[in-house]
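Please open the structure in a viewer and keep the sequence panel at hand.

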Amino acid sequence: RLLRDKVTGILPSQGGNLSSTAGDAQFLFPSDSFTSTVTLTYRHLWLDENTGPLTGIGRTFDLTAVYSDTGQVAQLAPGRTFSVTLHYTDAERGGAIESTLALYSWDGSAWVKEPTSVLDAGTNTITAAPNHLGLFAVLGNTLRLTLPVVVKRN
């Protein structure tokens, strides 16, 4: 998986935020999101993989955390969420139908729509409040035309 951008930051238990280098991906973690200080890493990936019938807009990213003191993988504290704000351009949207864009997460075998995902097409923004870290992508439906194959025999 090739990286477009990688940003790492220290997040104390009091909460804080992390943004992509370009500022088009922003993450806000409220107080007590984690039980102690974590090192948070955002990785924007080049490829939208395994999208099935959906199409990606080049906004696939991985968000991970490790406890700063132990290096062990950290998950959000039970019952906690964080906010995600993603900005996209019309050029990035490409063939995706804008009204169908949403944040999805990878569950290990398929992309699952984030139930809190909200699209604001007027500002080209998607917001969500996931309750987990991991692999995410902005996906949507596309206008794919499938034509029948006609075989003419002489």
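This is a predicted model: local features need pLDDT of at least 70, side-chain atom pairs count only at pLDDT 80 or more; totals for chains, interfaces and linings use all residues.

**The aromatic pairs**

A pair of aromatic rings is described by the distance of the centres and the angle of the planes. How many aromatic pairs does the model contain? The count comes to 7. Select F29 and F82 next. Their ring centres are 4.7 Å apart and the planes stand at 15°, so this pair is stacked; planes under 30 degrees apart fall into that class. F29 belongs to strand β3 (residues 25-29), whereas F82 lies in the loop between β5 and β6 (83-87). The pair thus links distant parts of the chain, 53 residues apart. Both F29 and F82 are buried.

Return to W106 and W111 for the contrasting geometry. The centres of these two rings are 5.2 Å apart and their planes are at 65°, so the pair is edge-to-face, the class for angles over 60 degrees.

Then select F27, Y42, F61 and F136 together; ring pairs link these residues into a cluster.

**The open sheet**

Display the strands next. An open sheet is formed by 5 strands in the order β2-β3-β6-β10-β9, with antiparallel pairing. Which strands stand at the edges? They are β2 (16-19) and β9; each has a single partner strand, so one side of each is left without a neighbour in the sheet. From one strand to the next, the twist averages 15°.

Within this sheet, select β6 and β10, which pair in the antiparallel sense over 4 bridges. Highlight V84 and look across to β10, where its bridge partner is A128.

**Two asparagines in loops**

Select N124 in the loop between β9 (118-120) and β10 (125-128). N124 has a positive phi of about 50° although it is not a glycine. Is this residue buried or exposed? At 14% relative accessibility, N124 counts as buried.

For the last stop, select N50, found in the loop between β4 (38-45) and β5 (55-67). Its phi is near 55°, again a positive value in a residue other than glycine. N50 has a relative accessible area of 57% and is therefore exposed, as the limit for that class is over 50%.

How values were computed:
Residues are numbered from 1 along each chain as its sequence is written. Side-chain values use heavy atoms; hydrogens and water are left out. Buried means under 20% relative accessible area, exposed over 50%, partly exposed in between (1.4 Å probe, protein chains only). Rings of Phe, Tyr and Trp (its six-membered ring) pair if their centres lie within 6.5 Å; planes under 30 degrees apart count as stacked, over 60 as edge-to-face and the rest as tilted. Two strands pair if DSSP finds at least two bridges between them. Axes are lines fitted to C-alpha atoms, for helices over the stretch in contact, and angles run from 0 to 180 degrees between N-to-C directions.
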